[in-house]
Amino acid sequence: MKKYPGTVGDVEFDHQLDDPDFKKCGSEKWGHFSFQYYQGTKEFSYKGEKIAIAEKLKKENIYSEKKVNGYITVRFLVNCEGKTGRFRLQHMSPDLKDSVLDEELEKKVLQFTKSLDGWMPKEIKGLKVDYYQYLTYKIENGKVSEVLP
């Protein structure tokens, strides 16, 4: 019988993918439970909001020689110190079917996401908590054209 995670979508530590120095925060009240990006007072907790990420993305000019189209979603955990870890990637075709677009482009997008250092911890009932965040990158003709949500 398969054991389900504490909440749907919890990302378990994977020694092949994850930084062993990244620590989840725990509290007596919440244990090691992690919230979702939409819980708490602000849905998007990044210094400068989404526009700061879009501006940095524009400067980076991430693209692929292959003229692929689709979406790359990077989901990750922000801990109570604002540090990020446990990155997971999903790629989709324009019609939202699971599809590898371009592995080199996906690596660039992942590295860009890991470089974002303005994440702020969420506070719920006076306690700083861990939460899952995601960014979806829209790819048009091999170029990252937009960051969602």
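**View 1. Asn-61 sits in the loop between helix H1 (49–60) and E2.** Helices (H or I, at least four residues) and strands (E, at least two) are DSSP runs, numbered from the N terminus. What we're looking at is a predicted model, where local features need pLDDT of at least 70, side-chain atom pairs count only at pLDDT 80 or more, and totals for chains, interfaces and linings use all residues. Residues are numbered from 1 along each chain as its sequence is written, and side-chain values use heavy atoms, with hydrogens and water left out. Asn-61 isn't a glycine, yet it has a positive phi of about 50 degrees. Most residues other than glycine have a negative phi. Asn-61 counts as partly exposed because its relative accessibility is 37% (buried is under 20% relative accessible area, exposed over 50%, partly exposed in between, with a 1.4 Å probe and protein chains only).

**View 2. Asn-141 also has a positive phi, near 50 degrees, without being a glycine.** Look for Asn-141 in the loop between strand E6 (131–140) and strand E7 (143–148).

**View 3. E2 and E3 make a hairpin, with 5 residues between them.** Strand E2 (residues 70–78) runs antiparallel to strand E3 (residues 84–92), and they pair over 7 bridges; to pair, two strands need at least two bridges found between them by DSSP. Leu-77 has Gly-85 in E3 as its bridge partner. In the turn, Gly-82 has a positive phi of about 85 degrees.

**View 4. Asn-79 is a loop residue between E2 and E3.** Buried or exposed? Asn-79 counts as buried, because its relative accessibility is 2%. A polar atom of its side chain lies 2.9 Å from the backbone oxygen of Lys-23. Beyond its neighbours within four places in sequence, Asn-79 is in contact (heavy atoms within 4.5 Å) with Phe-22, Lys-23, Cys-25, Pro-121, Val-129 and Asp-130.

**View 5. The largest nonpolar core has 22 residues, and Trp-119 and Tyr-137 have the most contacts inside it.** H1, E2, helix H2 (103–115), E6 and E7 each supply at least two residues of this core. Such a core is a set of buried Ala, Val, Leu, Ile, Met, Phe, Trp, Tyr and Cys residues joined through side-chain atoms within 4.5 Å.

**View 6. Confidence is lowest in strand E1 (residues 35–36), with a mean of 54, and highest in H2, at 94.** The score here is pLDDT, the predictor's confidence in each residue, from 0 to 100. The chain's mean is 81, and 81% of its residues reach 70 or more. Over residues 27–31 pLDDT stays under 50.

Notes. Polar contact = N/O pair within 3.5 Å; in protein donor to acceptor, adjacent residues only side chain to side chain.
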